[in-house]
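Here are my notes on this one, as numbered points. Have the model open while you read.

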Amino acid sequence: MDDPTTGLIRRAQGGDVASFSELLDLHYAAIYRIAWKWCGHRTNAEDITQQSCIKLASSLAQYRFQAAFTSWLYQLVISCARDWQRTQQRHDHDALPADDPPGGGSERSEDYIYLVQLLDQLDDIGEGMKETALLVHAEGLSHAEAGQILGVSESTISWRIHAIRKHMNKAEALMGGGV
Amino acid sequence: MNAHSFEHQLRQATAPAPDAEAQLRSRNAALAEFQRVHAAANQTISPKDTWLFRLRRLFPGTGRGRPSRNLWLGGLATACVVVVAVSTFFLVPPGQRQVAVRPSIDTATIPEVNNPTPPVIQESEPVAPTPAMPEEKTEAQQPKAVIPPEAVRGRPKALNPHRQRTGKPASSAEAITTPDPSVIAPVSPPEVDEVVVGHDKVYASAMTASTAVAAVQPSPGPGSDVGLGEISVTGTRATKSSWFNRMFSRKEPQSIQQSFRSIDEGRDQFEHFEINPVKQVSTEPVSTFSADVDTASYSFVRRELNQGRLPQVDSVRVEEMINYFDYAWPASESRDQPFEPTVTVSDSPWGEGKKLIHIGIKGYELPVRQQPDINLVLLLDVSGSMDEPDKLPLAQKSMALLLETLKPSDTVAIVVYAGAAGEVLPPTPIKQKETILQALYSLTPGGSTAGAEGIKLAYDLAERSFRKNGVNRILLATDGDFNVGITNRNELKGFVEREREKGVFLSFLGFGEGNYRDDMGQTLAQNGNGVAAYIDTLNEAKKVLVQESTASLFTIAKDVKFQVEFNPATVAEYRLVGYETRALNREDFNNDKVDAGDIGSGHAVTAIYEITPVGSKAKLIDESRYAEPARAAAQGKASEYGFLRIRYKLPNGFRSRLIEQPIRIDAGVPEALRDSVEFSTAVAGFGQLLRGGKYTGTLKFDDVIRQARGALGDDPYGYRAEFLTLVHKAKEAGGK
């Protein structure tokens with residue numbers, strides 16, 4: 001991690017509000033991006049993002065500079081997103097509103113619908129699959145980095161990626177090869 | 001269509017730009033939280049606190065749903081309420097305390113009292129219609145938009161289960177009306193490395209706390225008699241959990257490590273691994289792996305098959321199944337070179353034209369009179385989940401069996417862990433067997449699992465009665481993981497590793513099923529120079545703890561590594577059967593810093609390579625068009641398939657020793673070893689079939705049965721006969 005951020009984090013850990021605020025502004029977009037890719041839904045993503053920000057405030061003190069701050073942040077956001085999803089599944093199973101497609105253009109919104117379906121599908125494959133696919137494909141991380149964030153070995157990530165592709169290929173074949 | 005592949009879609013997925021207003025809201029909420037955290041941190045409260053420590057243990061971090069939880073939660077809820085209430089009460093400076101007991105709770109219950117400048121948020125009248133909830137206050141402070149409607153909708157429902165769990169509000173209220181200052185005194189936020197508090201548990205605690213606050217002073221205000229049933233809660237869970245954290249600790253609860261487990265199929269957890277592939281000698285002539293004498297996999301597989309189902313693929317480690325059985329490899333006569341390798345070459349039953357190379361070693365067997373003194377610490381999990389016939393009772397009986405094998409001068413200590421870790425028996429010589437047995441059988445299950453605490457205590461005891469020239473070992477018996485305390489596997493691993501350096505080793509005995517954590521046991525035992533075994537029956541306990549007790553207690557060689565270099569002139573391809581989780585890098589072999597498996601007195605280790613000789617049609621990989629053909633033949637090595645090297649250290653040694661031996665093409669199988677080779681091959685075939693049979697060709701369970709039946713040999717304890725019945729069961733369960 002580059003030095004300016006390290007200093008910022010250290011000051012924030014020491015209780016400096018201004019530093020924390022700066023840190024937050026610096027990473028807000030990234031947090032929101034991950035959250036959005038997690039659920040493909042604007043207000044839900046905002047909800048996750050907010051909880052992540054609050055959690056960042058309460059748990060920044062635990063960051064020990066052992067991993068890159070961004071990796072740590074990924075962990076934090078994913079854990080918030082999981083918590084969020086758990087409450088959703090428990091209580092709003094029937095009513096996940098397919099709200100505002102972003103952007104507006106019809107092609108764009110088609111992509112968006114596909115993404116939401118895809119996320120659901122990934123959820124169905126198994127635990128950990130969605131985050132694996134998101135980190136590797138959507139965020140472009142290496143298998144090793146994703147493994148570090150998800151707390152599993154690199155080979156497990158590779159295996160999951162393989163399993164996801166296998167599953168997807170099968171699903172595609174079932175649908176007659178088309179999307 | 002490929003452009004629409006899911007990878008492509010994910011890569012293309014771009015989040016819309018964040019909404020500025022939402023960002024502002026999040027920012028404010030986070031800043032408020034930030035200031036509160038730091039305000040709470042600045043409160044002057046003494047750091048040592050056993051009460052809170054215990055309180056926190058009552059909220060195990062994983063939502064694993066142990067059957068016991070309801071029992072103890074119900075019983076202990078009252079205690080929680082008292083402690084929470086009391087701590088809430090006394091965290092508040094006296095001047096403001098009266099505010100805290102007002103029915104409609106004001107800011108004072110929340111420890112931002114020391115914060116001179118409440119951040120960002122303006123003070124306003126509570127908007128929420130329900131009184132008596134401190135977290136509602138915080139909720140009310142947030143701008144309304146902070147909580148998106150989706151988040152709020154489910155919340156009240158979320159509380160329902162906990163409301164039942166929190167016990168009887170009436171009795172809790174009674175308990176609180178007479179707070180005893182002596183009890184209260186130590187309450188403070190403790191310093192702990194790891195706090196494990198489940199979010200959902202936080203709800204419960206927040207509930208009890210608020211109930212308690214409401215009950216502290218039953219003043220006639222409108223909200224004072226609010227019972228649990230009437231409390232409705234709004235607000236984000238983050239608010240509540242942070243409220244809890246703020247009060248009890250600055251550390252973040254649960255989730256990060258907890259949620260990143262290996263894939264969970266069923267509740268038993270195994271590390272996933274891919275089976276060793278076929279390798280081409282011309283590109284990768286050297287194969288390196290660590291010895292493994294564990295047998296846990298076989299017992300687990302047996303258990304699953306006995307219940308009529310095929311085991312999870314990842315629970316099957318072929319090498320552990322092979323090594324479960326005893327083979328007739330000649331044992332070494334001297335303690336100085338504790339084993340010598342036996343190499344045989346036979347035809348492979350898994351593919352025509354292929355050969356099997358067996359490498360067997362059998363550790364030197366210590367004569368009884370040479371056996372060193374033993375300082376043993378039994379670390380028993382007595383959490384509620386151990387309350388099943390095949391868990392704690394079986395563990396107790398197993399330990400009693402073990403006592404029979406020890407010398408009168410050896411010592412045994414007992415440590416238990418559940419809700420709290422405790423020393424049950426100080427180091428006691430076997431002479432006083434009655435005392436030990438009494439202590440052992442007095443244990444009853446109850447509570448959640450604070451394994452890490454127990455481990456620390458066990459190591460303390462082991463060090464206290466350390467035998468310099470003896471065996472110092474902890475025997476850990478559990479059914480699951482440690483969900484309270486050090487839950488981080490790496491941290492625990494590091495701890496066990498450091499203790500190993502001091503000479504205290506650890507072995508792991510797994511019991512029961514349901515939330516068996518095989519991966520945890522493997523990690524601990526591998527790092528603690530110990531054995532991981534899975535005990536499903538008293539017979540198995542006998543095998544591990546009595547018949548093989550010398551093996552599991554006396555290490556004769558440590559860091560045993562195997563390396564085979566294949567001769568490209570005679571071998572085209574090779575494949576190591578099993579040992580996937582024990583693979584080492586080529587360069588690790590000569591690096592004495594790299595840890596590897598240990599071998600106990602009398603232990604046998606068997607490894608099997610399947611090779612495709614040069615010129616065989618069974619080859620899977622085509623020759624490289626450009627590589628030069630191998631030249632080894634010209635140097636007169638055409639009579640060798642390869643070269644075996646074994647490195648090991650003596651138990652107290654720091655430098656490794658080397659054993660070398662060529663693998664001769666005409667090694668064959670001596671008649672005395674025929675049964676051993678055949679039977680181990682059958683077991684290896686079975687294990688591979690259970691893992692999917694990628695490389696076993698047309699092999700069927702029937703072939704395994706046929707081969708094993710022809711090689712039962714002596715089988716004094718009936719283990720091999722039992723294997724036959726298992727294969728039959730697998731055949732029924734799998735229909736193959």
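1. Start with Lys130(A), which sits in helix α6 of chain A, residues 129–138 (helices are DSSP runs of H or I, at least four residues, and strands are E runs of at least two, numbered from the N terminus). Lys130(A) counts as buried because its relative accessibility is 3%; the cut-off is under 20% relative accessible area, with a 1.4 Å probe and protein chains only. Leaving out residues up to four places away in sequence, Lys130(A) touches Trp38(A), Gln85(A), Leu119(A), Leu122(A) and Asp123(A), where contact means heavy atoms within 4.5 Å.

2. A caveat: this is a predicted model, with local features needing pLDDT of at least 70, side-chain atom pairs counting only at pLDDT 80 or more, and totals for chains, interfaces and linings using all residues. Residues are numbered from 1 along each chain as its sequence is written, chains are lettered from A and ligands numbered from 1 in the order written, and side-chain values use heavy atoms, without hydrogens or water.

3. Chain B overall: 25 helices and 16 strands, with buried residues making up 59% of its 736 residues.

Definitions and conventions
Buried means under 20% relative accessible area, exposed over 50%, partly exposed in between (1.4 Å probe, protein chains only).
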